[in-house]
Amino acid sequence: MKSLKLRSFFIYTFIIFISLSSCVSDAEFDASGEGKGGSMTRFTFLKGYLYIVDENTLKTFDIANPDNPELLNTLEVGSGVETIFPYENYLFLGTQWGMKIYSLDNGPVPQFLSDFEHSFSCDPVVVSNSIAYVTLRSGTTCQTGVDRMEVVDVSNLRDPRLLNTIEMKNPHGLSVSDTVLFVCEGDYGFKVFNIKDRANPQLISHYDSIPSYDVITNYARKELIITGKNGIYQYDYNDPYELKELSQILSIEGNE
């Protein structure tokens, strides 16, 4: 019975991820097997393997046969793990105590490289061009947390260094597209930053009418999928200074 439940869980997880990726576009699932999801997720695909984090562990599954995923490894990674983000051949874990970096250079089983610590807070992470953007927020499980975004140099993956901090209201998920950074501010809206200077994000617009929890970027089509308490929205960001709403699916409460 236990194995049947486990198998059902992974099939369900796989279907959700594939469905979400299909909504974004086929381009979001590249030939290398790397999937692109939101920054608040607890699972990701990289080079044909599925990686799932829970509170304390990072699990690796071989999904060559999706009907029968095989657990290859379970790694203890410490407490407070919340999110996972793939970048090149590495996995970045967002935890309540910091950011952990693992390498996949020697195969599908992750190897620990380094740990970037900060004060206790909830914190997803994304990475682009050797710069990690980490949002720290207070909230339901992080009552003592701070609310800010940290910019971290990860060019040396064994020695990440803090470059900058930016005060925020209540930052949640985030996403990068070339020189534009999108950050969800929870009930405080949605923000767009210019990151031509990677270490010094400059705020270019703040949409306080868009409560947002997480965002997925479709780089090929210059479109965003934003999730929030009121539902799911799609926006065109060809002009990042002026987002254009394409569609919305309101939550049941929002439809009343």
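Accessible areas here come from the Shrake-Rupley method with a 1.4 Å probe, and for residues only the protein chains shown count as cover.

**Figure 1. Overview of the predicted chain.** The chain exposes about 12300 Å², of which carbon and sulfur atoms supply 50%. Its secondary structure comes to two helices and 20 strands; helices (H or I, at least four residues) and strands (E, at least two) are DSSP runs, numbered from the N terminus. This is a predicted model, in which local features need pLDDT of at least 70, side-chain atom pairs count only at pLDDT 80 or more, and totals for chains, interfaces and linings use all residues. Residues are numbered from 1 along each chain as its sequence is written, and side-chain values use heavy atoms, with hydrogens and water left out.

**Figure 2. Asn89 in its loop.** Asn89 sits between strand E5 (81-87) and strand E6 (90-95). Asn89 is buried, at a relative accessible area of 16%; buried means under 20% relative accessible area (1.4 Å probe, protein chains only). Beyond its neighbours within four places in sequence, Asn89 has contacts that include Lys47, Tyr102 and Asp105, a contact being heavy atoms within 4.5 Å.

**Figure 3. The largest nonpolar core.** A nonpolar core is a set of buried Ala, Val, Leu, Ile, Met, Phe, Trp, Tyr and Cys residues joined through side-chain atoms within 4.5 Å. This one has 28 residues, and Phe92, Met99 and Met149 are among those with the most contacts inside it. Elements giving it two or more residues include strand E7 (98-103) and strand E10 (131-136). The largest share, five residues, comes from E10.

**Figure 4. Surroundings of Met149.** Leaving aside neighbours within four places in sequence, Met149 touches residues including Tyr133, Ile166, Leu181 and Phe193.

Notes. Buried < 20%, exposed > 50% of the residue type's maximum accessible area, 1.4 Å probe, protein only.
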